Amino acid sequence: MSGEKVLLHMCCGPCAVHPVRSLQKQGFEPVGLYYNPNIHPLREYVRRREGAEQVADRLGIKLICKDEEYDPGLYLREVVYREPSRCFFCYRLRLDRTLSIARRGGFDWFTTTLLSSTQQKHEQIAELAGALAGGGSPGFYYQDFRPGRQEGLEACRQWGVYRQQYCGCIYSEWERYHKELHRS
Ligand code: SF4
């Protein structure tokens with residue numbers, strides 16, 4: 001695995017610290033990819049992208065930002081009328097694009113920082129990414145990054161990296177804050 005290239009889909013800065021460090025320790029050469037059309041609103045998307053850039057700079061990796069592909073409509077068309085299972089379609093959208101960029105870029109592997117979150121559907125992400133890869137190249141690199149999560153959060157606190165308060169989409173923002181509507 002020494003020198004093998006991994007395209008690491010990054011959802012934000014804090015989730016990326018441990019995966020990047022762990023991949024580097026194992027001898028991989030990770031490159032970050034910020035592709036997250038699910039994030040609402042645009043200013044939140046930018047704040048998280050800036051956090052991902054800070055972490056990439058700190059850890060010395062390149063970060064590909066797909067700002068030109070930030071299209072909330074694309075995400076919404078994926079999930080509308082199937083909101084209860086929206087996370088599956090959200091993961092699929094982002095992992096599928098990650099795989100296509102990894103393939104075109106000649107990467108050996110692809111993976112995602114979503115595997116470092118305790119809030120995400122970990123098994124579903126792993127199963128889906130494996131199915132998309134289909135045993136071909138690039139392969140899906142699976143690792144349970146959750147055990148190092150705390151270390152990443154602490155580093156980001158010290159570096160002043162933005163930490164989000166909800167998962168990302170308009171639905172998750174509503175779930176996080178809707179109770180405030182009834183407080184006043
Ligand atoms: S809750 Fe998170 S993973 Fe699920 S659809 Fe929304 S942004 Fe995507």
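Strands here are DSSP runs of E with at least two residues, helices are runs of H or I with at least four, and both are numbered from the N terminus. With that in hand, strand β1, residues 5-9, and strand β2, residues 29-34, pair in the parallel sense over five bridges.

Before I go on, a word on what we're looking at. This is a predicted model, where local features need pLDDT of at least 70 and side-chain atom pairs count only at pLDDT 80 or more, while totals for chains, interfaces and linings use all residues. Residues are numbered from 1 along each chain as its sequence is written, and side-chain values use heavy atoms, with hydrogens and water left out.

Strands of a sheet pair through backbone hydrogen bonds, either parallel or antiparallel. What order do the strands take in this open sheet? There are five of them, in the order β3-β2-β1-β4-β5, with parallel pairing. β3 (63-65) and β5 (139-140) stand at the edges with a single partner strand each, so one side of each is left without a neighbour in the sheet.

Let's walk across it. Between β2 and β3, which run parallel, there are three bridges, and G32 has L63 in β3 as its bridge partner. β1 and strand β4, residues 109-112, run parallel and are joined by four bridges. Then two bridges join β4 to β5, again parallel, with W109 standing opposite G139 in β5.

How much of this is covered up? I'll call a residue buried under 20% relative accessible area, exposed over 50%, and partly exposed in between, using a 1.4 Å probe and protein chains only. Four of the five residues of β1 are buried, so β1 is largely enclosed by the rest of the structure. β2 is mostly covered as well, with five of its six residues buried.

G27 sits in the loop between α1 (17-25) and β2, and at 25% relative accessibility it counts as partly exposed. G27 and E4 are 23 residues apart along the chain, and their C-alpha atoms are separated by 7.6 Å.

Most residues other than glycine have a negative phi, and most peptide bonds are trans. Which peptide bond is cis with omega near -10°? That's the one from H40 to P41, and P41 is in the loop between β2 and α2 (42-59). The bond from S137 to P138 is cis too, with omega near 0°, and P138 is found in the loop between α5 (122-133) and β5. Then there's Y81, a residue other than glycine whose phi is positive, near 70°. Y81 lies in the loop between α3 (72-79) and α4, and it is exposed, with a relative accessible area of 80%.

Last topic: the ligand and its pocket. Rolling a probe the size of a water molecule over the atoms shows where empty space is left. On a 1 Å grid over the protein atoms alone, a cavity is a set of points where a 1.4 Å probe fits but cannot get out, whereas a pocket is an open set with protein on both sides within 12 Å along at least five of seven lines, and lining residues have an atom within 4 Å of a point. A molecule sits in one of these if more than half of its atoms lie within 2 Å of its grid points.

The space taken by the ligand is the largest pocket. That pocket has a volume of about 670 Å³, the volume being the space filled by probe spheres set on the points, which are joined across faces, edges and corners. It is lined by 32 residues, and the closest to its centre are S117, Q119, Q120, Y166 and C167. α4 gives the most to the lining, with five residues.

And who surrounds the ligand? Counting residues with a heavy atom within 4 Å of it, the shell includes N38, Y75, R86, Q120 and C167. Helix α4, residues 86-104, provides the largest share of that shell, five residues.

Terms used:
Pairing = 2+ DSSP bridges.
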